Amino acid sequence: MAFKVIKENILRANDDVAQSIRKRLDAQGTLMINIISSPGAGKTAFLERTGPLLREEGIAFVVLTGDCFTSRDAERMDALGLPVVQINTGNACHIDAQLIDSAMKGIDLAGTDLIVVENVGNLVCPAEFDLGEDMKIAFLSTAEGHDKPSKYPLLIEEGKLAIINKTDLLPYLDFDAQYCRESIKKVNPGIKILEISCRTGDGIDGFIDWIKDEIKIKKEKNA
Ligand SMILES: Nc1nc2c(ncn2[C@@H]2O[C@H](COP(=O)(O)OP(=O)(O)OP(=O)(O)O)[C@@H](O)[C@H]2O)c(=O)[nH]1
Ligand SMILES: [Mg+2]
C-alpha cells in the first residue's frame with residue numbers, strides 16, 4: 001500500500017511539470033515528440049539519418065537525448081552539427097518531466113519548430129511518464145523479434161506512430177512483419193506504422209513527410 005502511494009505521488013508531481021511544459025510548447029506552437037525503444041533499436045541512428053534532412057527542410061529543431069551515464073549519443077549528434085542537449089538520468093531507466101524542464105531552459109521555443117526527445121533505451125518505464133510531449137513514438141526494430149508489441153502493449157497504446165527499423169536485416173531474420181503489424185494494430189488500431197532502415201535510408205522520406213505535416217498542424221492549431 002505504501003509503495004502504491006509513493007508511485008502515485010511521483011507520477012502526480014511529474015504530471016504537474018508535464019502540464020506546464022505542454023502549455024509553454026502550445027503557446028509557441030512547438031511540436032515535441034518522444035521516441036521510445038529498447039536499447040539499440042536505432043534511435044540515435046534514426047536521428048543521424050533524419051537530422052540533416054530536417055535541417056535541409058529548414059525545420060528548426062533540438063534533440064534532447066537521454067542516457068543513464070554517457071554522452072555518446074550527444075557526441076554523435078554534435079559530430080553532425082545537430083543541436084543537442086544530453087540528459088543523464090543516473091540509474092533511472094526513463095526521462096521524467098523535471099529533467100525535460102531543466103533541459104529546455106536554454107531553448108528559445110519561439111524559434112524552435114520541433115523538439116525531439118530520445119528516451120533512455122527501455123520499452124517499459126518511459127511509456128508511463130508524460131513529458132508534456134505532443135506524442136510518443138514507439139520505435140521497434142526487426143532484430144528484437146515480432147512479438148514485442150504484444151509483450152509491451154503500453155508503449156503501443158500510448159504511441160501515435162510506430163516505426164519498425166532495420167528492415168535491411170529481414171532476409172537474415174525470422175521476423176514476421178505481418179504478425180508485427182497486426183499485433184500493433186490490435187493494441188492501437190489508430191496508430192500509424194512506418195517501416196524503415198536507417199542503414200539504407202529506406203522509408204525515411206515517409207517519416208520526413210509525416211513530421212512536416214505534424215509540425216504544420218501544431219502551428220496552425222496554436223496560431
Ligand atoms: N542493420 C542495421 N543496423 C542498424 C540500423 N539502425 C541502427 N543500426 C545499428 O544498431 C546499433 C544501435 O544503434 P543506436 O542508434 O545506437 O541505437 P539506440 O536505440 O540509439 O541505442 P541506445 O541509445 O543505447 O538505446 C548500431 O550498431 C547501429 O549501427 C538499421 O536500420 N539497420
Ligand atoms: Mg541512442
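## Overall shape

The model described here is a predicted one, and its C-alpha trace spans about 50 × 45 × 35 Å along the principal axes.

The secondary structure comes to eight helices and seven strands. Of the 223 residues in the protein, 41% are buried.

In soluble globular proteins, nonpolar side chains tend to be buried together. In this model, the largest nonpolar core has 53 residues, and those with the most contacts inside it are I100, V116 and V117. Strand β1, which runs through residues 31-36, gives the largest share of this core, with five residues.

Which residues does V117 touch, once its neighbours within four places in sequence are left aside? The contacts of V117 include M32, I33, N34 and I35, and also among them are L64, G66, I95, I100, L131 and E133.

Helix α8 covers residues 204-221, and its 18 residues reach 26 Å from the first C-alpha to the last, close to the 26 Å expected at 1.5 Å a residue. The buried residues of this helix are I211, I215 and K218. These residues cover an arc of only 65 degrees around the axis, which puts them on the same side of α8. An α-helix has 3.6 residues a turn, so residues three or four places apart point the same way.

Against which strands do the buried residues of α8 pack? They pack against β1 and against β4, the strand of residues 114-118. The face of α8 that is turned away from its buried side carries the exposed residues D205, D209, D213, E220 and K221.

## A glycine in a loop

G58 has its place in the loop between α2, residues 43-56, and β2, residues 61-67. Is G58 buried or exposed? With 7 other C-beta atoms within 10 Å, G58 is exposed, because a residue counts as exposed if it has 12 or fewer such atoms within that distance. Although G58 and D113 are 55 residues apart along the chain, their C-alpha atoms are separated by 9.6 Å.

Note on methods
Residues are numbered from 1 along each chain as its sequence is written. Chains are lettered from A and ligands numbered from 1 in the order in which they are written. This is a predicted model: local features need pLDDT of at least 70, side-chain atom pairs count only at pLDDT 80 or more; totals for chains, interfaces and linings use all residues. A nonpolar core is a set of buried Ala, Val, Leu, Ile, Met, Phe, Trp, Tyr and Cys residues joined through C-beta atoms within 7 Å. A residue is buried if 20 or more other C-beta atoms lie within 10 Å of its own, exposed if 12 or fewer, and partly exposed in between; C-beta atoms are placed from the backbone. Helices (H or I, at least four residues) and strands (E, at least two) are DSSP runs, numbered from the N terminus. Two residues are in contact if their C-beta atoms, placed from the backbone, lie within 7 Å. The expected span of a helix is 1.5 Å times one less than its number of residues. The arc is that of the directions from the helix axis to the C-beta atoms.
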